[in-house]
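Please look over the notes below with the model open beside them. They are written for someone meeting it for the first time, and they begin with the ligand.

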Amino acid sequence: MTTGNLALIILVVILLQVAIVAVLILFHSQRQYRELVAGSAGTQPIITTSSTKSVSMPPNPAWEGLREFIVQRRIYEDDNRTVCSFYLIPLDGKSLPTFKPGQFLTFKLSIKDVNKDELRSVVRCYSLSDTYRSDHYRISVKRTPAPAGQPDVPPGVASSFLHDHLQEGDRLLVKAPSGHFYLMEEAPLPVVLIAGGIGITPMLSIVNTVLESGINREVWLYYGVSNGAEQIMKKHLQTLAGAHDNFHLHICHSAPSKNDVEGIDYQHAGRVAIPLLRTTLKLMRYQFYVCGPKPMMESLVPGLEEWGVNSDDIYYESFGPASLIKHEKYEPKIIDMQPITVTFSRSQKSIAWDPAADSLLEFTEANNIEVESGCRAGSCGSCQTEVKDGEVVYNQEPDADIEPKHCLLCISIPKNDLVLDA
Ligand SMILES: Cc1cc2nc3c(=O)[nH]c(=O)nc-3n(C[C@H](O)[C@H](O)[C@H](O)COP(=O)(O)OP(=O)(O)OC[C@H]3O[C@@H](n4cnc5c(N)ncnc54)[C@H](O)[C@@H]3O)c2cc1C
Ligand code: FES
């Protein structure tokens with residue numbers, strides 16, 4: 001055997017040993033994590049925080065229907081001026097009901113339709129971006145431009161209206177705070193907040209609420225943006241991180257600009273990803289809250305589960321699909337399989353369900369039956385419709401509260417023959 005061959009064999013053996021050790025460490029840390037999760041789900045809590053006090057809110061009933069608000073103040077939050085915060089005070093001057101950090105408001109906007117030169121009603125949801133204050137609410141809205149490379153497409157209707165037309169002193173119609181994505185205050189585990197872009201808004205509410213309450217709950221915030229010009233509330237977050245030992249701020253820039261200094265403006269170059277969480281988080285049980293663009297959610301949520309996080313400890317919210325673009329417009333077509341029939345009782349139409357349709361809302365609109373809609377994400381409740389007969393299946397968990405014998409058209413498909421009050 002030559003010296004070269006011997007050296008090669010030794011190298012291969014060393015590499016094999018390193019690989020085996022790495023696999024064993026990975027397996028061990030996953031097992032430890034699963035044991036932590038299993039253990040803390042039982043009677044013996046593994047993780048303890050130094051305080052069991054939960055963030056308490058004064059009881060205050062929400063309102064029915066729409067309430068009028070006045071824009072007290074508007075302020076840009078990023079260097080690019082693409083995110084604008086609106087401070088809203090109630091017209092009646094009465095104390096505002098509390099909300100859970102992470103919840104959103106639903107707006108019914110009257111916006112001029114450029115094509116028809118008339119006002120049209122547009123419903124959109126915006127997360128509350130601050131902790132509860134009795135005299136005002138705050139939302140922070142990102143301007144949604146036309147999709148890249150499609151200059152003929154109009155930019156986002158509601159966000160453009162809010163940015164370009166809504167001024168201080170103007171009035172807005174608002175539904176009470178709602179939503180099922182919010183901080184679990186009853187089980188005060190350490191929280192890991194993962195935000196992509198404008199998905200930071202509900203996280204800001206959570207961070208501000210926990211830190212202002214003074215409870216000693218550990219909060220990790222991973223906030224991914226392209227660069228510093230896109231980052232919102234930079235100073236506010238840095239000040240909080242400097243003042244609170246239990247707040248751990250991790251800013252990730254996927255494309256840092258030459259003005260962004262690593263270690264000052266951001267902590268990590270690249271996107272928020274599982275390897276980053278693994279290397280920066282201590283081995284313990286957390287609640288994970290994720291809100292961001294679709295690709296981020298699609299990689300991170302399953303990634304957390306693969307890492308060994310119990311799915312009960314993962315909470316997430318998507319701001320789409322009102323802000324997601326369908327690549328092909330659905331058009332109804334004749335189908336030759338055993339049909340499910342959808343009957344629209346008020347319109348007196350019975351139509352064979354087309355499995356190519358993503359949702360009953362899409363199917364209904366494509367067949368020229370008028371129904372209300374807003375977020376198209378199961379959040380605002382606008383498309384709620386009475387089901388007179390039959391059942392629907394939801395393709396995601398509804399966020400809006402649904403009345404008995406009703407369904408949300410935007411996130412459901414028929415399970416069997418269906419009669420809708422539409
Ligand atoms: C629970 C919840 C909370 C939210 N919180 C926030 C928040 O805190 N801050 C925030 O900024 N947003 C938030 N959103 C998103 C927000 O509700 C809106 O979806 C967002 O502002 C975009 O609305 P828009 O009316 O401006 O855009 P839309 O008019 O809905 O347009 C969306 C996109 O589609 C494109 N488009 C329009 N017409 C066409 C066409 N014919 N063909 C192809 N593309 C087209 C537009 O150019 C735009 O890019 C939240 C959403 C939900 C569901
Ligand atoms: S359109 Fe908002 S819940 Fe369906």
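1. An oxygen atom of ligand 1 lies 2.8 Å from an N or O atom in the side chain of Arg124, which is a polar contact, that is, a pair of N or O atoms within 3.5 Å. The backbone takes part as well: a nitrogen atom of the ligand is 2.9 Å from a polar backbone atom of Ser140, and an oxygen atom of the ligand is 2.6 Å from a polar backbone atom of Pro154. Taken alone, ligand 1 exposes 980 Å², of which the protein buries 86%, with areas from the Shrake-Rupley method and a 1.4 Å probe.

2. This is a predicted model, in which local features need pLDDT of at least 70 and side-chain atom pairs count only at pLDDT 80 or more, while totals for chains, interfaces and linings use all residues. Residues are numbered from 1 along each chain as its sequence is written, chains are lettered from A and ligands numbered from 1 in the order in which they are written, and side-chain values use heavy atoms, leaving out hydrogens and water.

3. Around ligand 1 there are 27 residues, the closest being Cys125, Tyr126, Lys142, Pro154 and Ser159, where a residue is counted if one of its heavy atoms lies within 4 Å. The shell divides into 16 nonpolar, 8 polar and 3 charged residues, and its largest share, 4 residues, comes from β4, a DSSP run of E with at least two residues.

Methods. Polar contact = N/O pair within 3.5 Å; in protein donor to acceptor, adjacent residues only side chain to side chain. Nonpolar A, V, L, I, M, F, W, Y, C, P; charged D, E, K, R; others polar.
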